Amino acid sequence: MNSAILLVDVASAGSDSWKSFLQSHSYEVFTAEDGESALRECLRLQPDLVLLHDSLPDIDSFDLCRRMKGNLLNEQIPIVLIKPSSDPADVARGRKAGAAEFWGTSTSLGEAISRVESLLRLKGYIDEQARSVVLSLARSIEAKHSVMNGHSDRLIKYAVQLGITLDLPEDDLQELRIACLLHDIGKVAVPDEILLKPGALNAEETEIVRQHPVIGESICAPLKSLRHVLPVIRHHHERIDGSGYPDGLRGNEIPLMARILQVADIYDALITDRPYRDALSSEDALETLNKEARYGWLDASLVWKFSRICRYGEYFPVKGRTMLASYYA
Ligand SMILES: [Fe+2]
């Protein structure tokens, strides 16, 4: 995938040359012509780099840089401020505004490209490191709670088999695996005494637990490599009839991968011991899933397919893929 660069420039002499030069180096170049469109496009596109020329009609570039970096989602995006100036105070202002670099003297396109490449390499490295940390954090949360031990790995097996039955492409299955690992990472903010409470939660405790999808999303949001799984993390507790949380989405408004994950997630929770009840048999767990589908909470067609897989090891033939019989036996 080519790196995406947002070029915020309207009046600099070489604005067109910057765009075509960057495109000739295989970058995907987007443009914004004023402060509002720059803020909007940065949030929407989540580019790998922003080149911000000090030439906008409606806002000072330092202020714009500060506003962009003020949004958590833009935190990891390097912004280069470009302003023909030899005033050291401008360099300090740029740094204070959150710019990764300040290009004060006129920078040739040839010189710019090598600096752009270094910034992108650094961003890619930081993103990968941060992703490893986030995945380790998710694993450590699970390891801390013995009742959850092995939950993610089982969840991946269940969810991926359901995904294969739906003929999801390999890229989607890979995102599903990552989502299974990370969907409950927001529980890092839930105290152990609530997570492990051996009885029903009171209203206040329930409210704390219900925040975990949004907290999980905000933990993963700054990382580009996790962007595709954010909707799954945020929406894995929605219900088909709109009675779920955090957004009360209905039916197909709920991302398919979130609907797959919740069927697999609930099944695994039911067949394992919890502080407040013993594990159910697989058949009782499937009956509970079917009941929840009849209530309008879960996707009935997914529950039906999942039940067939669990009961009969039955898969729907998909070309080019080997199905494992009796996978859940
Ligand atoms: Fe959850």
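In which helix is the place of Arg259? Arg259 belongs to helix H12, residues 256-270; helices are DSSP runs (H or I) of at least four residues and strands (E) of at least two, numbered from the N terminus. The model is predicted: local features need pLDDT of at least 70 and side-chain atom pairs count only at pLDDT 80 or more, whereas totals for chains, interfaces and linings use all residues. Residues are numbered from 1 along each chain as its sequence is written, and side-chain values use heavy atoms, with hydrogens and water left out.

View 1. Arg259 counts as buried because its relative accessibility is 8% (buried, under 20% relative accessible area; exposed, over 50%; partly exposed, in between; 1.4 Å probe, protein chains only). Its side chain makes a polar contact with that of Asp299 at 2.8 Å (N or O atoms within 3.5 Å, one able to donate a hydrogen and the other to accept it; residues adjacent in sequence count only if both atoms are side-chain atoms). Not counting residues up to four places away in sequence, Arg259 touches Ile240, Gly251, Asn252, Ile254, Asp299 and Leu302 (heavy atoms within 4.5 Å).

View 2. Asp184 lies in the loop between helices H7 (170-182) and H8 (192-195) and His236 in the loop between H11 (230-235) and H12, so the pair ties together parts 52 residues apart in sequence. Both Asp184 and His236 are buried.

**View 3. The aromatic pair of Trp18 and Trp103.** This pair is stacked, at 6.3 Å centre to centre with 25 degrees between the planes (ring centres of Phe, Tyr and Trp, the last by its six-membered ring, within 6.5 Å; planes under 30 degrees apart are stacked, over 60 edge-to-face, the rest tilted). Trp18 lies in helix H1 (residues 15-24) and Trp103 in strand S5 (residues 101-103), so the pair ties together parts 85 residues apart in sequence. Trp18 and Trp103 are buried.

**View 4. The aromatic cluster of Tyr158, Tyr267 and Phe306.** The rings of Tyr267 and Phe306 have centres 5.0 Å apart and planes at 75 degrees, so this pair is edge-to-face. Tyr267 and Phe306 are buried.
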